[in-house]
Amino acid sequence: MSIFNRALGWLAGSDRWGANLCRIAVGVVFIWIGLLKFIPYEADSITPFVANSPFMSFFYTQPDEYSQHLNHEGELVPENRAWHERNNTYGYSHGLGVVELVFALLILANFRFPLLGFVGALMAFLTPFVTFSFLVFTPETWVPDLGDAHHGFPYLSGAGRLVLKDIMMLACGYVAMVDSARTLLVRR
């Protein structure tokens, strides 16, 4: 048997490793991004998504005024920071951070508690359906018309590319969910 065929055989039987890598990757992303939700610059950066979302804008006091008060990453405009305090930008972001940290703990709990891991994987799988809605409702996800011929759909801005990559979160969540389901069935 050739080395290549042995490698293929090992890879073909390593789906548990793949599921665990997906689980760890999702956990790292949720932990890192969840912790950043407690830092003002991250809260500021999600403002356009939340303010334009028909599912989340009610968390803000004045969602229609967000574009006048945006801080760019690394920028501190005290007046804008004060507006975000009044708008509940930071309160909402802190709550979202807690939710993301809980999702991370759930998916990582799979190694000891597969049912919790299943719930965490389900949340990782479902979360992108919310974030994909930003592509529909958030103008900042598309390149603006500033004179270049390449603007609007299908030209994703940095914010849009950030949203689109959540398709990997969906796939990893699904792989981890299937693996957790298999483990739960074997234990019954």
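This is a predicted model: local features need pLDDT of at least 70, side-chain atom pairs count only at pLDDT 80 or more; totals for chains, interfaces and linings use all residues.
## Crossing of α2 and α9

Helix α2 spans residues 15-36, and helix α9 spans residues 166-187. Their axes come within 9 Å. The crossing angle is roughly 125°. Angles of 65 to 115 degrees count as roughly perpendicular and those over 145 as roughly antiparallel. The two helices are therefore oblique to each other. The crossing of α2 past α9 is left-handed.

On the α2 side, the contact uses D15, R16, A19, N20, C22, R23, V26, V29 and F30. Facing them in α9 are M169, C172, G173, V175, A176, D179, S180, R182 and T183. Sorted by class, this contact has nine nonpolar residues, four polar ones and five charged ones.

## Backbone features in two loops

Most peptide bonds are trans. The bond joining F153 and P154 is cis, with omega at about 5°. P154 sits in the loop between α7 (114-137) and α8 (158-164).

Most residues other than glycine have a negative phi. N88 is not a glycine, yet its phi is positive, at about 75°. N88 belongs to the loop between α5 (78-87) and α6 (89-108). Its relative accessibility is 29%. Buried means under 20% and exposed means over 50%, so N88 counts as partly exposed.

Across the whole structure, a search finds ten aromatic pairs. One of them joins F125 and F129. Their ring centres lie 5.6 Å apart, and their planes meet at 75°. Planes over 60 degrees apart count as edge-to-face, so this pair is edge-to-face. Both residues lie in helix α7, four residues apart, or about one turn of the helix.

F129 counts as partly exposed, at 46% relative accessibility.

F129 also pairs with F132. Here the ring centres are 6.5 Å apart and the planes are at 80°, so this pair is edge-to-face too. F129 and F132 both lie in α7, three residues apart, again about one turn of the helix.

## An aromatic cluster

Which residues form one aromatic cluster? The members are F58, F59, Y60 and Y92.

Note on methods
Residues are numbered from 1 along each chain as its sequence is written. Side-chain values use heavy atoms; hydrogens and water are left out. Axes are lines fitted to C-alpha atoms, for helices over the stretch in contact, and angles run from 0 to 180 degrees between N-to-C directions. Angles under 35 degrees count as roughly parallel, over 145 as roughly antiparallel, 65 to 115 as roughly perpendicular and the rest as oblique. A crossing is left-handed if the near helix is turned anticlockwise from the far one by less than a right angle, and right-handed if clockwise. Contact means heavy atoms within 4.5 Å. Ala, Val, Leu, Ile, Met, Phe, Trp, Tyr, Cys and Pro count as nonpolar, Asp, Glu, Lys and Arg as charged, and the others, Gly among them, as polar. Buried means under 20% relative accessible area, exposed over 50%, partly exposed in between (1.4 Å probe, protein chains only). Rings of Phe, Tyr and Trp (its six-membered ring) pair if their centres lie within 6.5 Å; planes under 30 degrees apart count as stacked, over 60 as edge-to-face and the rest as tilted.
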